[in-house]
Amino acid sequence: MKQIVCLFSLLFLMACSGSDSDKPAVSDALPDDSAQLRIAVMPTIDCLPVYLAAEHGFFEKAGINVSLYDYKAQMDCDTAIERGRVNAIVTDLVRAERMKERSKLDLQYVTSTEAAWQLVSMRNARINQLRQLDNKAIAMTRFSATHLLSEYVVEQAKVQPERVFFIQINNVNVRLNMLQNEILDALWLSEPQATDARNRQSKVLFDTRKSDFRFGVIAFRKSAATKKQVEAFTTAYNQACDSINRFGVQSYADILTRKCDATQQTIDSLPAQKFGHAAAPREADLKRAKDWLNKIKNDAHVEK
């Protein structure tokens, strides 16, 4: 299993970044309300259809009551659903499958998403190819799609695993700031943060959109996933996707500015993107996530 490094300076930086939730923290689960869907979301473009459906009344018209809970780190989303603060989550298959096993969560995948990740290098790091990751550090989130992808690119680069250091940086804004301040060699970013990095002359070393990885999903607790809720969510989600595809991502600059902290320059530079209707995750992606988690578990057992 790869070495995951946690540096004191990075911990201090993350601690100073404050709470990742835009809503007051609650220590206990919220009251059970089968009529309300509480969704944990991230400041990434794969959440745009959910933001749009909520703000433009698509959920309400479909007959579903939805509240969004904004987080900056995927681990905080996990905590929210594990503690019952939310009953749905935008996440990736690796994290979701691990939560199902570790926390015995009864998750149901309602749809895959357009989540994608790019591995970008610090502008002055002189890393232009994957093989140049030797003796370098990559920012990722442990037991997530970016952890799996980090191991994948190291393998593809044919670099000795022990000579690439995985640094756990969960907050996406902290991660981007570290790139801007040239603190780390390379890191994984989604849109719109990846476009911000490219605009700052960061080099893209790997792009999941070109390698047929589709790990993004929206998962409901099965106890919250009534037939009515799933159907209503799907209707509103599809309507939001149609709207984005018709008018373009840039037409919803106000949402991207407020929810993703994206500048107008970043929004104007975003690549064209199509959003597919709600569909189950592909079996190949689900198998890849499960196989990798089993490998990690076996590696840990061997190390002991």
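A cavity is, on a 1 Å grid over the protein atoms alone, a set of points where a 1.4 Å probe fits but cannot get out, with lining residues having an atom within 4 Å of a point; grid points are joined across faces, edges and corners, and a volume is the space filled by probe spheres set on the points. The model is predicted, so local features need pLDDT of at least 70 and side-chain atom pairs count only at pLDDT 80 or more, while totals for chains, interfaces and linings use all residues. Residues are numbered from 1 along each chain as its sequence is written, and side-chain values use heavy atoms, with hydrogens and water left out.

**View 1. The largest cavity and its lining.** The structure holds 2 cavities of 30 Å³ or more, and the volume of the largest is about 270 Å³. Its lining comprises 21 residues, of which Met42, Gln74, Trp117, Val172 and Ser190 are the closest to the centre. At least two lining residues come from each of β4, α6 (145-157), α7 (172-180) and β9, and β4 gives the largest share, 3 residues. Helices (H or I, at least four residues) and strands (E, at least two) are DSSP runs, numbered from the N terminus.

View 2. Ser190 sits in the loop between β9 (186-189) and α8 (193-199). With a relative accessible area of 14%, Ser190 is buried (buried means under 20% relative accessible area, exposed over 50% and partly exposed in between, for a 1.4 Å probe and protein chains only). Apart from neighbours within four places in sequence, Ser190 is in contact with Thr44, Ala116 and Trp117, where contact means heavy atoms within 4.5 Å. The side chains of Ser190 and Trp117 make a polar contact at 3.3 Å, and a polar atom of the Ser190 side chain lies 3.2 Å from the backbone oxygen of Ala116. A polar contact is a pair of N or O atoms within 3.5 Å; within protein, one must be able to donate a hydrogen and the other to accept it, and residues adjacent in sequence count only if both atoms are side-chain atoms.

**View 3. Strand β2 between its partners.** In strand β2 (residues 36-41), 6 of the 6 residues are buried; Gln36, Arg38 and Ala40 point one way, and Leu37, Ile39 and Val41 the other. β2 pairs with strand β3 (residues 65-70) in the parallel sense over 6 bridges, and Arg38 stands opposite Ser67 in β3. Strand β4 (residues 88-92) also runs parallel to β2, joined by 2 bridges, with Ile39 opposite Ala88. Two strands pair if DSSP finds at least two bridges between them.

Technical notes:
On a 1 Å grid over the protein atoms alone, a cavity is a set of points where a 1.4 Å probe fits but cannot get out, and a pocket is an open set with protein on both sides within 12 Å along at least five of seven lines; lining residues have an atom within 4 Å of a point.
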